[in-house]
Amino acid sequence: MESSPCRGVLLAASLIGVRLELEWVDLRSEEDKRQKLEVKNPAKQVPTLDDNGYYLGESRAIIMYLANEYMGSDDSLYPRDAKKRGLVDRMLFFDMGTLFKSFADYYLPFMFAGVIPTQRRLDDVKKAFAVFDRMLAGSDYAAGDAITIADAALAATVSTIEVVEVLNIENYPNVWAWYGRCKENLPDYEQANPAVEFEKFAIAVITDRKKRAESQGQ
């Protein structure tokens, strides 16, 4: 549950009111991924949902499925109206294709392979935050004035970027204000979104990578 996609699902599930049973997968172990994920998700990625034999990968798809399947008659979290839903979908895909992607392109190659991040990659993260800041102008939440499943996914991404200190989120006032509202109003925020666990995982991966490199160099 260290990764922001996993935590986004947990935040959304808490928002919708769905209780999830979690199974740990060691992403550094190909054998563990093969045993626990290969049948359910050919990509062998987390999160992967198993809803009584219905298997689904991709965190935003899981979030959308949980809302469609379990939110009940109150559709404020994921409106059935096509235009309102379109705004929520836009922000989910903005998270996947722009905000989270910019962070992943910047940080994950360094974390897993020791590739030094470039200024261009950092600029991409800053540009994504600037766009997000403009999107939030005049709105309390990502898709308007009501909290939705998009806020769960985005809050997980932003909290990850915050804990590894890629940039100062306070430099983006609309994002910073929105982030504070998410912390206050997403149910079980601290429990469902322990972003500090990603920081610990990242440190462990980086430390292990450096030790292997030193060992191979001896």
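**Salt bridges and overall form of a predicted model**

With a salt bridge taken as a side-chain nitrogen of Lys or Arg within 4 Å of a carboxyl oxygen of Asp or Glu, the count comes to ten salt bridges. The structure is a predicted model. Side chains of opposite charge can pair when their charged atoms come close. Some of these pairs are described below, followed by the chain as a whole.

One of the salt bridges is formed by Lys44 and Glu30, whose closest N and O atoms are 3.9 Å apart. Glu30 belongs to helix 2 (30-37), while Lys44 sits in the loop between that helix and strand 1 (48-51), so this pair ties together parts that are 14 residues apart in sequence. Lys44 is partly exposed, its relative accessible area being 22%.

The loop between helix 2 and strand 1 also holds Lys40. The side chain of Lys40 meets that of Asp50 in a salt bridge, at 3.3 Å from N to O. Because Asp50 lies in strand 1 and Lys40 in the loop, the pair ties together parts that are ten residues apart in sequence. Both partners are partly exposed: Asp50 has a relative accessible area of 37%, and Lys40 has one of 26%.

Another salt bridge joins the side chains of Arg121 and Asp105, with an N to O distance of 3.8 Å. Arg121 is in helix 5 (residues 119-135) and Asp105 in helix 4 (residues 82-113); the two are 16 residues apart, and the pair links distant parts of the chain. Arg121 counts as partly exposed at 31% relative accessibility, and Asp105 counts as partly exposed at 26%.

The secondary structure consists of nine helices and two strands. Along the sequence the pattern reads α-α-β-β-α-α-α-α-α-α-α. The radius of gyration is 18 Å, close to the 17 Å that the globule rule gives for 218 residues, so the protein is as compact as a globular protein of that length. Taken along the principal axes, the box filled by the C-alpha atoms is roughly 60 × 45 × 25 Å.

Of the 218 residues, 45% count as buried. Among contacts with a separation of 6 or more, 64% are between residues 24 or more positions apart. The protein exposes about 11500 Å², and carbon and sulfur atoms supply 49% of that area. As for charge, there are 27 positive and 34 negative side chains, and the centres of the two sets lie 5 Å apart.

Terms used. Residues are numbered from 1 along each chain as its sequence is written. This is a predicted model: local features need pLDDT of at least 70, side-chain atom pairs count only at pLDDT 80 or more; totals for chains, interfaces and linings use all residues. Side-chain values use heavy atoms; hydrogens and water are left out. Helices (H or I, at least four residues) and strands (E, at least two) are DSSP runs, numbered from the N terminus. Buried means under 20% relative accessible area, exposed over 50%, partly exposed in between (1.4 Å probe, protein chains only). The radius of gyration is taken over C-alpha atoms; the globule rule is 2.2 Å times the number of residues to the power 0.38. Contact means heavy atoms within 4.5 Å. Accessible areas come from the Shrake-Rupley method with a 1.4 Å probe; for residues, only the protein chains shown count as cover. Lys and Arg count as positive and Asp and Glu as negative; His and the chain ends are not counted. The place of a charge is taken as NZ of Lys, CZ of Arg, CG of Asp or CD of Glu.
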